[in-house]
Amino acid sequence: MHILWRGDTLQRLRLVSGLILFTFAATHFINHALGLISVDWMHVVQQWRWVVTRSWPGTIVLLAALLTHASLGLYKLAGRATLRLPRWELVQIALGISIPFLLLPHIVNTRIAHVFFNVNDIYVYELAKLWPASALTQSLLLLIVWVHGCMGIHFWMRLYPPYRRVFPLLLTLAVLIPLASLGGFVVAGSNVAAAIEIPSVLDNLKVLTRWPNEAAGETLAWLRNLVRIEFAAVLAVVGGCLAWTYFARLAGPKVTVAYTSGPTVRVPQGPTLLEISRMSRVPHASVCGGRARCSTCRVRIERGSFDLPPPTFPEVVTLGSIGAPPNVRLACQIRPEHYLIVTRLLKSDTTGPEGAAIEEADSAGVEKTLAVMFVDLRDFTRLAEKRLPFDVVYVLNEFFGVVGAAITEHGGWIDKFLGDGLLAVFGQRDGIESGCRQALRTARDIDLALDHINAKLEAELGRPLAVGIGLDAGPLLLGRIGYGESVDFTVIGNPVNVASRLEALTKERDVQIILSRQVARQAEWEPPAEMTMHVDVRGVAEPLEVVQVGRGRELPAEVLAKRESEAETEKPAAWTAGFWGRR
Ligand code: FES
């Protein structure tokens, strides 16, 4: 299926109705531009256009397009879980909402006046009515309609590569048409206003256009107010739907979603995964704005894919177009109801609000106090020497699978993989105290998961896998570091070096975990004296007090017990901020 035609039926209806309305608006505005030549030329072309737009079929198509486009737009708005949207979408929604307030009175003045009061609403009638008192309002309507339509077409067409070739031409037209249209309106409007200053001309005009009498004029004025009030009432209903959905979800069940590069969030059930990312300020690419056309929001489901409903037809089409494997889904189409671990597969679109904000902050670097964990497989080099590369990759992936799941499950994120080890960071979302407890819980779970891996790979390994874990906490610099395409989000700072040294020390001390006293202190753990010692760490001036732990399962249960990550994300304030897009 062509990329421009993807999406569900409602999206296609909205698209087609929007294109019909845009075609009408474009020809209408080009007609205005003829005012630069003369009002007579405006009338000539207006009569041609009316052959189509004032015929019964034309009227039905236009009316259906207007009602369809407006009602589907409002329906979509009413169902949104968050207003934290890319700027272009927010602008388009705001423009779309403002159009009826200006357009409906204009329709009352022209088509309604023509149908119910037999007014001959040719250009000269409307110009005499509008100029100069309503000239600004009418110009504003023209610009809003034009920008709203051009934005819709641009963000739809940009998915189609050949569009880039014609973009300069279309952009030129997008600027010239409204300029010429406004120019025609100004010239024709001022000419008509000057002409009707002569009483006899005005009298003739009134006869020619069947100018509405006083009673008809009052009725039309009443209708103009009525349509504005009615649309305001419709907007109030949409606002009510948004509020009702918001409070219903706030009181309803929650779901936990863990991003493999962090964070882990707990949010109400109901929104799509893309909306969850936006609510939680997780940068997430979405070039088509969640219409199942672009596939840029795709994620790999690391855990929980069987709990998701099967893909709908639009999702199948878009995933099929990129040959996606079964565990890849579109974030804009899935609504998680069970625990999910996901990996975002494309870098976030920097035109999105969250992506842009984070990119700006990251390019300068942000300092944060975090917990750092180094995990390394012991003697893996020796183990790898005796095996085929495929077997080595298989074992490593099994190992990283369980370690990665433990890290993300406890609110951490993997900063980087380093051969047979990895560096993980905790506390970015929940603060350093929680981060240290999360890191200790992760260390305990890695130890327990090793039993499972060793049982599973017993025949292949010959001897059990063992790990060393080093933990430290302190100020780190988070930023995008690298060059060109290889720029990546990472952390640097002394705690990274210390955690690495402590991990190396685990082998020497024949223990599984060594953590700095700082980590224990932040986790509110007072270890017994026999577990502590002072060690010299390269790069640290003073001997460092550390705590050594034989196995992760020996860590005290009372320190690990509290699940502050979920408690944090369940706060209503977090959900409120996500909905309104508060920064
Ligand atoms: S397919 Fe485009 S945002 Fe999901």
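**Working through the model**

A: Helices (H or I, at least four residues) and strands (E, at least two) are DSSP runs, numbered from the N terminus. This is a predicted model, in which local features need pLDDT of at least 70 and side-chain atom pairs count only at pLDDT 80 or more, while totals for chains, interfaces and linings use all residues. Residues are numbered from 1 along each chain as its sequence is written, and side-chain values use heavy atoms, with hydrogens and water left out.

Q: What span should helix α17 have, and what is the distance between its end C-alpha atoms?

A: Helix α17 covers residues 494–509, and its 16 residues should span 22 Å at 1.5 Å a residue. The end C-alpha atoms are 22 Å apart, which agrees. The expected span is 1.5 Å times one less than the number of residues.

Q: Which residues of α17 are buried?

A: In α17 they are Pro495, Val496, Val498, Ala499, Leu502, Glu503, Leu505 and Thr506. Buried means under 20% relative accessible area, exposed over 50%, and partly exposed in between (1.4 Å probe, protein chains only).

Q: Stepping back, how many helices and strands are there?

A: The protein chain has 21 helices and 13 strands. Of its 583 residues, 49% count as buried.

Q: And the surface, how much of it belongs to carbon and sulfur atoms?

A: Carbon and sulfur atoms hold 63% of an accessible surface of about 28,000 Å². Those areas come from the Shrake-Rupley method with a 1.4 Å probe, and for residues only the protein chains shown count as cover.

Q: What share of the contacts is between residues 24 or more positions apart?

A: Such pairs account for 74% of the contacts in the protein chain with a separation of 6 or more. Contact means heavy atoms within 4.5 Å.

Q: Salt bridges next. How many in the whole structure?

A: A search of the whole structure gives 16. A salt bridge is a side-chain nitrogen of Lys or Arg within 4 Å of a carboxyl oxygen of Asp or Glu.

Q: Which partners does Asp447 have?

A: One is Arg551, with the closest N and O atoms 2.8 Å apart. That pair links distant parts of the chain: Asp447 is in helix α15 (residues 432–456), and Arg551 is 104 residues away in the loop between β13 (544–549) and α19 (557–560). Another partner is Arg553, at 2.7 Å from N to O. Arg553 lies in the loop between β13 and α19 and Asp447 in helix α15, so this pair ties together parts 106 residues apart in sequence.

Q: Is Asp447 buried or exposed?

A: Asp447 is buried, at 0% relative accessible area. Arg551 is partly exposed at 33%, and Arg553 is partly exposed at 37%.

Q: What about Glu545, which residue does it bridge to?

A: Glu545 pairs with Arg517, the closest N and O atoms being 2.8 Å apart. Glu545 is in strand β13 and Arg517 in helix α18 (residues 517–522), so the pair ties together parts 28 residues apart in sequence. Glu545 is partly exposed at 23%, whereas Arg517 is buried at 13%.

Q: Which residues are joined into one network?

A: Asp447, Asp451, Arg551 and Arg553 are joined by salt bridges that share partners.

Q: What does Arg441 do with its side chain?

A: The Arg441 side chain reaches the backbone oxygen of Leu560 at 2.9 Å. Arg441 is in helix α15 and is buried, with 2% relative accessible area.

Q: What is Leu515 in contact with?

A: Leaving aside neighbours within four places in sequence, Leu515 is in contact with Leu440, Leu471, Leu502, Ala520, Trp525, Val546, Val547 and Val549.

Q: Last one, helix α5. How many of its residues are buried?

A: Seven of the eight residues in α5 (residues 123–130) are buried, so the helix is mostly covered. The buried residues pack against α1 (9–33), α2 (39–53), α4 (87–117), α6 (135–157), α7 (163–195) and α8 (199–208).

Definitions and conventions. A polar contact is a pair of N or O atoms within 3.5 Å; within protein, one must be able to donate a hydrogen and the other to accept it, and residues adjacent in sequence count only if both atoms are side-chain atoms.
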